[in-house]
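Student: Could we go through this model together? I would like to begin with how its contacts are defined.

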Amino acid sequence: MGSLRLVAIVLLLGSPAFAQTYGVGRTPTADEIRALDISISPTGEELPLGRGTAKEGAQLFQQKGCVGCHGRAGIGGGPAPALQSKTGQDVPIWERERILPLRAPFATTVWDFINRGMPLGNEGTLKPDEVYALTAYLLFLNKVIPEDQVLDKQSLPKVKMPIGDDYARLPVWKHGTPRLQGYPY
Amino acid sequence: MGSKRTSRRELLKGGAALAGGFAALGQTPASGQAPEHDHASGQAAAPVNPMIMGTKELIEYGQRSHYVTSVRIAHPIGGRPSPDDFGKVFHVASPLQDSVGVITPSSLHYVATTRGSYMPDIDPKQHTLMIHGLVDRPLTFTMEDLKRLPSVTRLHFIECGGNRHNGRGKTVQETHGMTSCAEWTGVLLSTLLKECGLKGSATWFVAEGAEEVKGASSMPIAKAMDDCLIAYGMNGEAVRPQNGFPLRIMVPGFEGIFNTKYLRRIKIVDRYYMNYNDFGHLDKDPKEAALGFQIGPKSVITYPSGAQLLPGRGFYEIKGLAWSGGGAIRTVEVSTDGGRKWNRAEIKATPQRMAHTRFGYPWNWDGNETEILSRCTDEIGQVQPTREQVAKYWNVPFERNYRVPGLDNSVMPWKIARDGSVTNGLA
């Protein structure tokens with residue numbers, strides 16, 4: 001019964017007659033998609049070619065003006081959040097500071113954030129090498145990776161973040177379901 | 001019928017000539033010099049109002065009376081103060097205390113931004129929406145393309161995740177002003193996804209804006225196919241720049257930040273992407289994570305509310321707004337004795353799914369000190385809790401400054417003093 005239904009669904013989805021097509025819209029070229037697609041998956045599949053290390057990142061952190069808002073070596077004190085943890089690695093992650101390159105579940109999240117949102121006023125101007133280098137620097141500052149580790153398309157998604165698996169997954173969303181079963185009483 | 005039409009046309013013609021005459025002279029009739037058609041026979045005591053000249057601006061794009069001065073304010077008490085350390089205003093709150101309907105005028109709709117008061121100035125002729133990823137046919141739509149497709153028009157609220165009330169807010173604008181409701185027109189995302197053909201492995205989608213940070217959020221594909229709306233219209237005209245011109249996604253009932261403005265790209269994917277905006281939703285506790293996602297049932301009394309003054313004992317219709325991310329509002333109850341007795345309020349129009357719903361409750365104030373509150377229930381049975389009930393759920397002692405975990409949809413009390421002054425019941 002179940003498998004029959006599955007076959008029926010597959011047939012329906014596969015048949016061009018099922019696809020409701022108004023014939024509106026244009027197919028973008030592969031190059032157009034690549035140019036716009038800045039979403040970086042935890043698998044890193046969309047990461048561009050390039051490489052960087054913490055040492056290069058430290059220089060960029062000065063040159064690009066990051067110090068002005070995040071403080072020297074990201075220690076804070078300016079108008080933007082601190083980027084270097086002051087707590088020890090023996091402290092449980094959820095009791096440590098809410099710092100992106102420390103708490104993020106994936107190093108790709110750090111890369112994505114810098115690539116989209118930094119630096120203030122010049123967003124989207126960093127080259128891939130620079131984003132790899134700044135990511136490496138911030139992860140090094142928070143003792144996530146060693147200073148000499150090269151980050152690139154292959155190594156970045158493999159970085160083990162301190163949070164590990166210790167974070168909540170969002171509930172499966174369905175039409176007409178309460179946001180939390182049995183809440184508040 | 002015919003004669004009626006003629007007489008009305010003549011009347012209109014006469015009126016136009018009159019207005020034209022004033023415009024030519026560049027003046028309005030002085031008070032006391034009533035125009036000839038103003039036959040005030042036997043009503044000498046009636047005030048004679050000055051006239052407003054129909055300027056080019058007023059004819060082309062009208063404006064409200066200069067007696068109406070209700071304005072938005074920089075939201076002072078949210079998670080992020082406005083103005084912030086950079087001097088920028090991130091959050092702008094809507095004057096709910098002056099709202100008299102369900103729709104928030106576009107000029108008064110609340111605004112939240114990522115980088116302060118700046119917004120992109122997008123040429124709609126150049127703007128496109130690209131849908132790609134796990135689809136059979138990636139497609140790019142121009143604004144013209146989108147307007148060719150079947151459209152829907154729906155009322156929906158948007159509420160900012162930072163719309164939390166505590167004892168610090170003096171007015172309902174300060175405590176609850178980061179929610180608004182507008183009429184949105186556009187194409188259902190499901191229509192576009194059917195055009196592209198979803199692959200079986202599609203489970204999430206990422207919506208991305210064209211603003212400076214290219215803000216992006218991961219959302220479940222089930223929501224995309226259910227009721228997400230790609231909106232180009234707001235309250236009968238183009239979406240305003242502060243609200244995402246020329247295109248935004250409406251994700252009805254989800255926290256404000258998901259309703260991506262300046263929408264330029266939707267990527268269909270097979271996992272949660274944990275990108276720019278997603279990190280903001282990272283939580284340790286799955287229950288708390290669930291409460292920071294879909295908006296709960298919430299209501300607030302807007303009249304009488306904080307900083308207002310009741311002129312004396314007697315009749316007042318208590319008025320307010322109720323909304324829920326779970327669907328339409330089913331019932332609203334009002335208490336005028338600090339929560340001892342709850343009374344069914346009147347719902348003012350047919351409640352819409354994920355839209356503000358106006359309620360009213362007739363009340364005779366006896367002049368004594370009291371506290372007024374409202375609570376609502378939505379169509380799937382979710383009930384708005386008091387802060388005490390929330391604390392009990394989490395098994396923590398209830399204190400005056402208790403912070404509700406997740407999005408705050410707790411009951412809001414207003415205190416009425418003997419002199420008629422209304423203040424924050426949490427203060």
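Tutor: Two residues are in contact if their C-beta atoms, placed from the backbone, lie within 7 Å. Please keep in mind that this is a predicted model.

Student: Among contacts in chain A between residues at least 6 apart in sequence, what percentage join residues at least 24 apart?

Tutor: For chain A, 60% of the contacts between residues at least 6 apart in sequence join residues at least 24 apart.

Student: How many helices and strands does chain A have?

Tutor: Chain A has seven helices and two strands. From the N terminus, its elements follow the order α-α-β-α-α-α-α-α-β. As for burial, 29% of the 185 residues of chain A count as buried.

Student: How many residues does each chain bring to the contact between A and B?

Tutor: Chain A contributes 47 residues and chain B contributes 55 residues.

Student: Which helix of chain A gives the most to that side?

Tutor: That is α6(A), with five residues. The helices that each supply at least two residues to the side of chain A touching chain B are α2 (30-36), α5 (100-103) and α6 (107-117). By residue class, this side of chain A divides into 27 nonpolar, 10 polar and 10 charged residues.

Student: In what order do the strands of the open sheet come?

Tutor: The five strands of this chain B sheet come in the order β5-β4-β13-β8-β9, with mixed pairing. At the edges stand β5 (139-142) and β9 (216-220) of chain B; each has a single partner strand, so one side of each is left without a neighbour in the sheet. From one strand to the next, the twist averages 15 degrees.

Student: What about β14(B): how many of its residues are buried?

Tutor: Six of the six residues in strand β14 (residues 298-303) of chain B are buried. Five bridges join β14(B) to strand β15 (residues 314-323) of chain B, and the two run antiparallel. Within this pairing, V300(B) has L321(B) as its bridge partner.

Student: One last residue, then. Why does T153(B) count as exposed?

Tutor: T153(B) has 12 C-beta neighbours inside 10 Å, and a residue is exposed if that number is 12 or fewer, so T153(B) counts as exposed. T153(B) lies in strand β6 (residues 152-159) of chain B. Apart from neighbours within four places in sequence, T153(B) is in contact with E183(B) and T185(B).

Notes:
Residues numbered from 1 in each chain as written. Chains lettered and ligands numbered in written order. Predicted model: local features only at pLDDT ≥ 70, side-chain atom pairs only at ≥ 80, totals over all residues. Pairing = 2+ DSSP bridges. Helix = DSSP H or I, 4+ residues; strand = E, 2+ residues; numbered from the N terminus. Axes fitted to C-alpha atoms, helices over the stretch in contact; angles between N-to-C directions. Buried ≥ 20, exposed ≤ 12 C-beta atoms within 10 Å, placed from the backbone. Nonpolar A, V, L, I, M, F, W, Y, C, P; charged D, E, K, R; others polar.
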